[in-house]
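Open the structure in your viewer and get ready to select residues. We will go stop by stop.

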Amino acid sequence: MASESRLYTFSPETQEKLRKFRLGTSRAKDPQAVVYQIDKHSLEIAQADDETYTNIQELAEGLPDHSPRFILLSYPLTLPSGRSSVPYVMIYHLPVTCNAELRMLYAGAKELMRNTAEVGKVIEIAEPEDLETIEEKLGGAAAA
């Protein structure tokens with residue numbers, strides 16, 4: 001067992017929420033995102049709020065300026081081939097202004113979060129504005 005799995009924890013409720021979100025968004029017609037954070041004292045990884053974001057702009061506005069977050073995103077898009085796809089990814093929001101302690105805290109949990117959430121890809125962003133180009137990063141056809 002990896003050392004990070006002994007350091008960081010997920011409550012059974014959080015694990016169930018992760019599973020339901022992953023399974024429930026696979027056929028979504030709109031983007032869906034949930035934000036997760038780490039409690040510095042208990043080292044528990046949990047959903048930051050009860051909100052499921054369907055608007056990328058609102059998600060960007062809700063991200064803190066000086067604290068990292070894990071964002072699970074299910075984003076329906078059309079591939080350049082014309083096929084529809086709903087990639088399920090984790091966005092690792094790591095602001096350049098966050099302190100070294102938080103950087104280390106989140107860096108240590110990144111792979112555990114990735115594996116527990118069962119995402120296909122991790123995308124790192126430094127600024128909330130980076131979410132505006134998320135479709136590009138996911139390989140979608142350019143919007144006309």
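Is Arg19 buried, partly exposed or exposed? Select Arg19: at 38% relative accessibility, this residue counts as partly exposed. Keep in mind that the model is predicted.

Arg19 and Glu16 form a salt bridge, with their closest N and O atoms 2.9 Å apart. Both residues lie in helix 2 (residues 12–24), three residues apart, or about one turn of the helix. Glu16 is partly exposed too, with a relative accessible area of 31%.

Stay in helix 2 and select Lys17 with Asp50. They form a salt bridge, and the closest N and O atoms are 3.6 Å apart. Asp50 sits in the loop between strand 2 (45–47) and helix 3 (56–62), so the pair ties together parts that are 33 residues apart in sequence. Asp50 counts as exposed, at 69% relative accessibility.

Next, pick Arg22 and Glu118. Their salt bridge has its closest N and O atoms 3.4 Å apart. Arg22 lies in helix 2 and Glu118 in the loop between helix 4 (100–117) and strand 7 (121–125), so this pair links parts 96 residues apart in sequence. Now select Glu13, Lys17 and Asp50 together: salt bridges that share partners join them into one network. The whole structure has five salt bridges.

Last stop: Arg69, in strand 3 (residues 69–74). Arg69 is buried but has no salt bridge. What is the nearest side chain of opposite charge? Asp49 is, 7.7 Å away. Select Gln37 instead: its side chain makes a polar contact with that of Arg69 (3.0 Å). Arg69 is also in contact with residues including Tyr36, Ile91 and Tyr106.

How values were computed:
Residues are numbered from 1 along each chain as its sequence is written. This is a predicted model: local features need pLDDT of at least 70, side-chain atom pairs count only at pLDDT 80 or more; totals for chains, interfaces and linings use all residues. Side-chain values use heavy atoms; hydrogens and water are left out. Helices (H or I, at least four residues) and strands (E, at least two) are DSSP runs, numbered from the N terminus. Buried means under 20% relative accessible area, exposed over 50%, partly exposed in between (1.4 Å probe, protein chains only). Lys and Arg count as positive and Asp and Glu as negative; His and the chain ends are not counted. A salt bridge is a side-chain nitrogen of Lys or Arg within 4 Å of a carboxyl oxygen of Asp or Glu. A polar contact is a pair of N or O atoms within 3.5 Å; within protein, one must be able to donate a hydrogen and the other to accept it, and residues adjacent in sequence count only if both atoms are side-chain atoms. Contact means heavy atoms within 4.5 Å. Lists of a residue's contacts leave out its neighbours within four places in sequence.
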